[in-house]
Amino acid sequence: MKCFREVGVPIKQIKKIVASTDLNQKTVEQRLKVLKEQQETLRMQRRQIDISLLALQVKTARYEAILTDPNRVDHGEAKLVQYFVKYARPNQQQYVTKRLTALFEQFKQHQTKPAILKDSYTELKDCFQPECLAEVQAAFELLTGLQY
């Protein structure tokens with residue numbers, strides 16, 4: 001029961017789970033199902049927190065750049081590239097780094113708009129680990145709103 005509480009399983013569910021102290025196949029399967037559902041819930045929350053932290057990182061970098069030099073355009077692009085590279089397949093990390101670095105440079109020079117990141121996601125999505133695509137797509141969507 002302590003394990004269920006520590007991982008955030010709602011009390012109502014815990015009561016149902018522990019109502020039967022007999023560890024037969026049915027109760028074990030029920031407990032396993034609840035734990036797997038809670039695992040997925042926590043993964044989704046972590047994804048949302050990661051995206052929120054990325055948004056804060058972008059805004060912080062932008063405001064710090066303005067304080068340093070009002071004409072300087074910086075959204076922490078190097079860190080953004082690192083963020084995406086960590087989700088890339090190992091054999092694609094160099095390509096992702098090169099492609100995103102070039103894109104961010106185009107933004108800085110006003111050669112293109114961040115909205116192109118939607119197309120870039122489509123182009124690059126096969127470079128990322130399949131289990132990370134939700135995070136990567138959400139991050140790309142967040143960045144399409146950047147103002148250069």
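How closely do the axes of α3 and α7 approach, and at what angle do they cross?

Reply: In this predicted model, the axes of α3 and α7 come within 10 Å and cross at roughly 30°. Angles under 35 degrees count as roughly parallel, so α3 is roughly parallel to α7. The crossing in which α3 passes α7 is right-handed. On the α3 side, the contact is formed by Arg 47, Ile 51, Leu 54, Ala 55 and Val 58, which meet Ala 134, Glu 135, Ala 138, Ala 139, Leu 142 and Leu 143 of α7. Nine of the residues in this contact are nonpolar and two are charged, with no polar residue among them.

Helix α7 spans residues 133-143, and its buried residues are Glu 135, Val 136, Ala 139, Phe 140 and Leu 143. These cover an arc of only 130° around the axis, and therefore lie on the same side of α7. The partners against which the buried residues of α7 pack are α3 (25-68), α4, α5 and α6 (117-124).

Two of those partners, α4 and α5, also pack against each other. The axes of α4 (residues 77-85) and α5 (residues 93-108) come within 9 Å, crossing at roughly 150°; α4 is therefore roughly antiparallel to α5. Here too the crossing is right-handed, as α4 passes α5. From α4, Glu 77, Leu 80, Val 81, Phe 84 and Val 85 meet Gln 93, Val 96, Thr 97, Leu 100, Thr 101, Phe 104 and Lys 108 of α5. The residues of this contact comprise seven nonpolar, three polar and two charged.

How values were computed: Residues numbered from 1 in each chain as written. Predicted model: local features only at pLDDT ≥ 70, side-chain atom pairs only at ≥ 80, totals over all residues. Heavy atoms only, no water. Axes fitted to C-alpha atoms, helices over the stretch in contact; angles between N-to-C directions. Helix = DSSP H or I, 4+ residues; strand = E, 2+ residues; numbered from the N terminus. Parallel < 35°, antiparallel > 145°, perpendicular 65-115°, else oblique. Left-handed = near helix turned anticlockwise from the far one by under 90°. Contact = heavy atoms within 4.5 Å. Nonpolar A, V, L, I, M, F, W, Y, C, P; charged D, E, K, R; others polar. Buried < 20%, exposed > 50% of the residue type's maximum accessible area, 1.4 Å probe, protein only. Arc of directions from axis to C-beta.
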